[in-house]
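Colleague: I would like to learn how to read a few features of a model. Could you take me through them?

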Amino acid sequence: MNAVTPTRQFGVAFGTAPGAGPYAWGGSAASGQPMPGGVGFGQVFGAWGEDYQVGTSNVGATLWTTGGIVSLHPPAATIGSLAYAMAGNQQVGDAIVAVTVTHAALWAGSSGSFVDLHPLGATDSGARATDGTFQGGWTLSGGVDRAALWAGSASSHVSLHPPVGIASTIFGMASGQQVGSVTYAAVGDHAALWRGTAASYVDLNPPGAALSVLNATCGVAQVGVANLAGVNGAGVWFGTPESFISLHQFLGPGYFQSVATSVVVDGGTLYVGGYATTPSGDEAFLWTGPIPAPGTLGVLLGAGLLASRRRR
């Protein structure tokens, strides 16, 4: 499950049509149904409210709206395209312009609105998040993946890569906040938080965690995965390493790893989407619960299984 709102959840179901491809749920496994126009291929990666979703389908980068499915695939993407996130009227993702070359992409609701964000001097680039004004992702230059921030054009590119890391990437954004990971030599990935500059970088790796990555933020909470006691488990943060709460602990037996991929807040309630893995495959999950009071760790209550997510 890659995108979540208080009443709908979006992602992919693996298997054979009609139970495969881009998928939507309404809070229960029984509510799951294929997204229009993409059955059997692709998936939803992001959403904006209840009515707009982005991802990939048989037409490449795709925007789903209440009025129907819109192809965002630009002619410049001769190999393929994907849309990963949206906010307001912005969609971001990748335009694959050659077999080994990817360019960060920005759209405003149509294929013709495509803007190539690939900055001068980069080998590859990709956009993974937007807050409706800025776009976040990565660039590859000098053999190093570097967290990147744009403001609507290739020339606006700013590197958020901190000097302490050997690689970095932005995976999620909210207004004034970017999250992702920074890779340390001989250590690995640490959950990362920025506020618009490389100097603002904060290491959110939880105490005792071997590795961690942040996938999304709603500005109040950040979600992703942390390796504790040898288990890669979904978790939620509230701006500090110590605020980390394991969501994996609320799963039943048989799940050996889990990942949180999306988060929204509605009133005082958090909705966290993601998935957990059994020997048989992945299963989509929705975690819900109250925001912990300031100064306490608290817990999120009520892990709820939404739909099975099987890999072929």
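Modeller: We will go through a pocket, a salt bridge and a strand pair in this predicted model.

Colleague: Which residues lie nearest its centre, and how many line the largest pocket?

Modeller: The lining has 44 residues. Nearest the centre are Asn2, Phe45, Asn215, Ala216 and Thr261. By class, the lining divides into 25 nonpolar, 15 polar and four charged residues. Several strands each supply at least two lining residues, among them E5 (43–48), E13 (124–130) and E21 (211–217).

Colleague: Now charges. Which residue forms a salt bridge with Asp94?

Modeller: Side chains of opposite charge can pair when their charged atoms come close. In this model Asp94 pairs with Arg128, and the closest N and O atoms are 2.8 Å apart. The pair links distant parts of the chain: Asp94 sits in strand E10 (residues 90–98), Arg128 in strand E13, 34 residues apart. The count is one salt bridge.

Colleague: Is Asp94 buried or exposed? And Arg128?

Modeller: The cut-off for buried is under 20% relative accessible area. Asp94 has 5% relative accessibility, so Asp94 counts as buried. Arg128 has 17%, so Arg128 counts as buried too.

Colleague: Last, the strands. How many bridges join E26 to E27?

Modeller: 10 bridges join E26 (residues 269–278) to E27, and the two run antiparallel.

Colleague: Why is E27 largely enclosed by the rest of the structure?

Modeller: Because eight of the 10 residues of E27 (residues 281–290) are buried.

Note on methods. Residues are numbered from 1 along each chain as its sequence is written. This is a predicted model: local features need pLDDT of at least 70, side-chain atom pairs count only at pLDDT 80 or more; totals for chains, interfaces and linings use all residues. Side-chain values use heavy atoms; hydrogens and water are left out. Buried means under 20% relative accessible area, exposed over 50%, partly exposed in between (1.4 Å probe, protein chains only). Helices (H or I, at least four residues) and strands (E, at least two) are DSSP runs, numbered from the N terminus. Two strands pair if DSSP finds at least two bridges between them. On a 1 Å grid over the protein atoms alone, a cavity is a set of points where a 1.4 Å probe fits but cannot get out, and a pocket is an open set with protein on both sides within 12 Å along at least five of seven lines; lining residues have an atom within 4 Å of a point. Ala, Val, Leu, Ile, Met, Phe, Trp, Tyr, Cys and Pro count as nonpolar, Asp, Glu, Lys and Arg as charged, and the others, Gly among them, as polar. A salt bridge is a side-chain nitrogen of Lys or Arg within 4 Å of a carboxyl oxygen of Asp or Glu.
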